[in-house]
Amino acid sequence: SCARVVEMLEREVCVVSEEIPLDNPYQDFMVSAPLENLADACLRLLGTGEWRERGLQSAARFREQMDVTKVCAPVIAQTLETLDAA
């Protein structure tokens, strides 16, 4: 679920998932593979030790790009303008 992905990113965990065919706002922060290749993707991450760095990098990018004040900035600005006009 989306809540679990966000929680894992907050804990700087490398998120590995099967490919999701629908719009996935977290795709850029996950390692994805077709279901039949998922075990191989996990073994590669574990074998190379890349899982730790991927978790740290993905979490940092997630915090930067999905910062609620940036994502919601247009709504906040419009609300404040509306309140000032009243």
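This is a predicted model: local features need pLDDT of at least 70, side-chain atom pairs count only at pLDDT 80 or more; totals for chains, interfaces and linings use all residues.
The structure holds four salt bridges. Another of them is formed by the side chains of Glu12 and Arg63, with an N to O distance of 3.3 Å. Glu12 lies in the loop between α1 (2–10) and β1 (16–18), and Arg63 lies in helix α3 (residues 50–65), so this pair ties together parts that are 51 residues apart in sequence. Both residues fall into the partly exposed class, Glu12 at 27% relative accessibility and Arg63 at 44%.

A salt bridge also connects Arg44 with Glu50, and here the closest N and O atoms are 2.8 Å apart. Arg44 has a relative accessible area of 39% and is partly exposed; Glu50, with 26%, is partly exposed as well. These two residues belong to a network of salt bridges that links Arg44, Glu50 and Arg54.

A search of the whole structure finds two aromatic pairs. In the pair of Tyr26 and Phe62, the ring centres are 6.1 Å apart and the planes meet at 45 degrees, so the arrangement is tilted. Tyr26 is located in the loop between β1 and β2 (31–33) and Phe62 in helix α3, so the contact ties together parts that are 36 residues apart in sequence. Tyr26 is buried, with a relative accessible area of 13%, and Phe62 counts as buried at 11%.

Phe62 also pairs with Phe29: their ring centres are 5.3 Å apart and their planes stand at 90 degrees, so this pair is edge-to-face. Phe29 lies in the loop between β1 and β2, so its pairing with Phe62 of helix α3 ties together parts that are 33 residues apart in sequence. Both Phe29 and Phe62 are buried. Tyr26, Phe29 and Phe62 form one aromatic cluster.

Leu80 is part of helix α5 (residues 73–85). With a relative accessibility of 47%, Leu80 counts as partly exposed, because this value lies between the cut-offs of 20% and 50%.

Methods: Residues are numbered from 1 along each chain as its sequence is written. Side-chain values use heavy atoms; hydrogens and water are left out. Helices (H or I, at least four residues) and strands (E, at least two) are DSSP runs, numbered from the N terminus. Buried means under 20% relative accessible area, exposed over 50%, partly exposed in between (1.4 Å probe, protein chains only). Rings of Phe, Tyr and Trp (its six-membered ring) pair if their centres lie within 6.5 Å; planes under 30 degrees apart count as stacked, over 60 as edge-to-face and the rest as tilted.
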